[in-house]
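Hi,

Here is the structure we talked about. Have a look at it first, and then read on.

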Amino acid sequence: MLTAVAGVIGALVIGAWVVVAWGSQRRQPWLLTPVALFIVLLVALGQPGWAFLPVAVLVAGSFAELVIGSRESPTVRTKDPDAPLSTERWAAAVAAPFRVALAEPWDVVARPSLRRRYRRMLEHQWGVTDRDSLREAVEALFEELHTGPSLDLVVDLRAGVARSRLPRERGGESTGARVRLTDDQVARLRAVTGVTEADETVLIGAYQWWKSVHVIRLVCGGASLDWLSPVETQTLLRRVASDLQRRYSSWQQLSTAFHAGYLLWPEKGVEGDHGGTDRVWAALGLLSEDARSPWNLLPWDMPLERVLPEGGVASGQEP
């Protein structure tokens, strides 16, 4: 009788754990797999009393994932801190805030464990559902970046208001995009732009190139979902990296543009943010200040590798 009860309870708990692990954005719940197998083994060996101990462990682990797992704080994590410099690594660093926000390694382009998240993000934010629509979205972003106007963000630090406009040499007309800033956002903008407390206004020029980050996110999603080959991934990332190195001169300049563009972006945050928390904004702060941040470690003007047709890369100076 006890064996039957332990078997039923064990099956229910294991089923619930599988649902939680499958729906989680993290790999940690799957580390409980040996516990689930141990439950099955104990019941099969006729040791139902001992089976309740691993059942309790599995229940606790599943509950912890439900309550705590989705609230993990942004963290700068690197899969391979000693990896050599490469174009992929450099490009991944550009989009690092979105990985740091999830406490995931920033230096991995293709991340199979994030496939479900990428599918939801690509469809919700970009209407991307397959390889063809992914390529269309990437090319549309490239087209917008190369043919659209340069944009300035004018920030009134005293009033806490930021508005987008055309550069003065193009008339300085407002684009209509405007956002009211919190005290924290004003303080962050002062920090990343380096202005003093006495300054009342700061201008962030050509901030529209922060949208290159979206191209990298699309490419990472395509690589993770096997919609892009390694050669296609390398080619697109090199294209983005080349554009950014021509438009900006440092990680600090990219960080400033990222902050500016992100404030005006309607899709702020990442899936799972709650209670007013914006983990991407928090990640931006970490990457600007943390000594382990790729923005503080990688050289901005590193030579970009040339992509070979067979999928290898050769080191080469950017033309």
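This is a predicted model: local features need pLDDT of at least 70, side-chain atom pairs count only at pLDDT 80 or more; totals for chains, interfaces and linings use all residues.

Residues are numbered from 1 along each chain as its sequence is written, and side-chain values use heavy atoms, leaving out hydrogens and water.

On the surface, Met1, Leu2, Val5, Ile9 and Phe52 make up a nonpolar patch with about 470 Å² of accessible area together. (Areas are Shrake-Rupley with a 1.4 Å probe, and only the protein chains shown count as cover; patch residues have over 30% relative accessible area and no salt bridge, with nonpolar side chains joined within 5 Å. A salt bridge is a Lys or Arg side-chain nitrogen within 4 Å of an Asp or Glu carboxyl oxygen.) Helix H1 (residues 2-23) gives the patch its largest share, 3 residues. Helices here are DSSP runs (H or I) of at least four residues, and strands (E) of at least two. Ile9 is in helix H1 and is partly exposed at 32% relative accessible area (buried is under 20%, exposed over 50%, partly exposed in between).

Gln208 sits in the loop between strand S4 (201-204) and helix H9 (212-224), yet it counts as buried, at 9%.

As for the inside, the largest nonpolar core has 74 residues, and Leu244 and Trp251 touch the most other members. A second, separate core of 10 residues includes Val13 and Leu58. (Core members are buried Ala, Val, Leu, Ile, Met, Phe, Trp, Tyr and Cys joined through side-chain atoms within 4.5 Å.)

Cheers

Note on methods:
Patches are made of residues with over 30% relative accessible area and no salt bridge: like charges are joined within 9 Å, nonpolar side chains (Val, Leu, Ile, Met, Phe, Trp, Tyr) within 5 Å. Buried means under 20% relative accessible area, exposed over 50%, partly exposed in between (1.4 Å probe, protein chains only).
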